[in-house]
Amino acid sequence: MELPDGTSTPALVVDVDVLDRNIERMAAAARAGGFALRPHAKAHKCAEIAARQRAAGASGLSVATLSEAEAFARPGVDDLFIAYPLWLDAPKARRFGRLAGAARLRVGVDSAEAARRLGDALRGTARPVEALIEVDCGCGRTGVAPPEAGALAEAAAGAGLAVAGVFTFPGHGYAHDPGARARAARDEERALAEAAAALEARGFEARVRSGGSTPTAGEWRPGAVNELRPGVYVFNDAIQLGIGTCAPEDLALAAAATVVSRPAPGRFVLDAGSKVLGADRSPWVDGHGYLPAYPRATVTGLWEHHAVVQLPAGEPAPALGAVVTVVPNHCCNAVNLADELLVAQRGAVVDRWRVSARGTNT
Ligand SMILES: Cc1ncc(COP(=O)(O)O)c(C=O)c1O
């Protein structure tokens, strides 16, 4: 990334050309396979990026929370899937009911109890809300076993939801081994096919069969899956680079940081700490981020406002006051810490985008 001169640090910078290329590449892959693309917006939390994804053909957005859905409905995103087993308390039930009147809404369900709460919240609203039954394809997080999807669909329909299909997340594809990514994609296909059959056996059409993640993106095959929800691909990050699902030239987001200290040979300290980069660790990244200009460097320590960088013996460190870029381990958490993204194109600032859904975690 070519940093604009005079960038005041720390700042999160987006290379808009790389961003647009990533968006178009994923949209083209989805088009080629005949998949609907519903990118997960938790990765960017930014209305301008959502608009670019929609312009490239995304059918709608996926989100993780009710407040994220509200934040994207506000600027006019009218087709939202809350890909989460939402559990409504009384205040959330009121918000959910209101949101259902403002946007075409889809919600994840993995228990009859949660479905009842969703149905109760919708009583009296005119617009139907679609439910996708969540199944576990091997990730080991949320979702029922695929054969149980039929009974749960019946419970969701009984609660007043319009059952539209099934969804899953192949999170176990986060692995360095390309074989593991392919296996996760096949697990996803099997789970969605089995869950769809379980719905059909009870008289429901599994019109939507939603899956997808960034690591499994190269492994998709049309058939059992007909909708994809990758998120991180818009920016990519040090984890994606570490597991080999992107190349350095695909990294669209980095923190610009200034060298504020050079306390010892081979060691320097940057002004972007955990409050800028996020604190994610990963077995696939050595340290807390990736420095494109110093690919052999390791961010060995992270404090709130310090990143300590160690270089291999003999490699010269940048000068005090130099501005360098650090790619966060996990872009989603870095973005959630920033008020705005500095939009750069070939070394110039061309815009500033508010992280409009920042902190929408409820
Ligand atoms: C339910 C769900 N769908 C889609 C995604 C997007 O996948 P990725 O972060 O690999 O792009 C996630 C990410 O955590 C998710 O939890």
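## Backbone features

K45 is located in the loop between β2 and α2, where helices (H or I, at least four residues) and strands (E, at least two) are DSSP runs, numbered from the N terminus. The phi angle of K45 is positive, about 50°, although K45 is not a glycine. With a relative accessible area of 3%, K45 is buried; buried means under 20% relative accessible area, exposed over 50%, and partly exposed in between, for a 1.4 Å probe and protein chains only. The model is predicted: local features need pLDDT of at least 70, side-chain atom pairs count only at pLDDT 80 or more, and totals for chains, interfaces and linings use all residues. Residues are numbered from 1 along each chain as its sequence is written, and side-chain values use heavy atoms, with hydrogens and water left out.

R346 also has a positive phi, near 40°, and is a residue other than glycine. R346 sits in the loop between β16 (340-345) and β17 (348-354), and its relative accessible area of 61% makes it exposed. A cis peptide bond, with omega near -5°, runs from T9 to P10. P10 belongs to the segment before β1 (11-15).

## Domain arrangement

The chain is divided into domain 1 (17-233) and domain 2 (241-354), with bounds that come from an automatic or database domain assignment. The C-alpha centres of domain 1 and domain 2 are 32 Å apart. Between them, 20 residues of domain 1 are in contact with 18 residues of domain 2, where contact means heavy atoms within 4.5 Å.

## The largest pocket

A pocket is defined on a 1 Å grid over the protein atoms alone, as an open set of points where a 1.4 Å probe fits, with protein on both sides within 12 Å along at least five of seven lines; lining residues have an atom within 4 Å of a point. The space in the largest pocket is about 720 Å³, a volume being the space filled by probe spheres set on the points, which are joined across faces, edges and corners. Its lining has 31 residues, and those closest to the centre are H40, K42, A64, R141 and F169.

At least two lining residues come from each of β4 (79-85) and α10 (331-335). The largest share of the lining, 3 residues, is that of β4. By class, the lining has 12 nonpolar, 13 polar and 6 charged residues; Ala, Val, Leu, Ile, Met, Phe, Trp, Tyr, Cys and Pro count as nonpolar, Asp, Glu, Lys and Arg as charged, and the others, Gly among them, as polar.

## The surroundings of H40

H40 is placed in the loop between β2 (36-37) and α2 (47-55). H40 is buried, with a relative accessible area of 10%. Not counting residues up to four places away in sequence, H40 touches S62, V63, A64, E68, R229, P230 and G231. A polar atom of the H40 side chain lies 3.3 Å from the backbone nitrogen of K42.

## The second largest pocket

The second largest pocket has a volume of about 300 Å³. Of its 16 lining residues, R25, M26, A217, Y233 and T245 lie nearest the centre. Helix α1 (residues 16-33) gives the most to this lining, with 4 residues.

Domain 1 (17-233) and domain 2 (241-354) each supply at least three residues of the lining of the second largest pocket. By class, this lining has 6 nonpolar, 6 polar and 4 charged residues.

T258 is part of strand β10 (residues 253-264) and is buried, with a relative accessible area of 16%. Leaving aside neighbours within four places in sequence, T258 is in contact with T9, V269, L270, D271, G321, A322 and V323. The side chains of T258 and T9 are joined by a polar contact of 2.5 Å; a polar contact is a pair of N or O atoms within 3.5 Å, in which, within protein, one must be able to donate a hydrogen and the other to accept it, and residues adjacent in sequence count only if both atoms are side-chain atoms. T258 and P318 are 60 residues apart in sequence, and their C-alpha atoms are 9.7 Å apart in space.

P178 lies in helix α7 (residues 178-201) and is partly exposed, at 46% relative accessibility. P178 and E148 are 30 residues apart in sequence and 30 Å apart in space, C-alpha to C-alpha.
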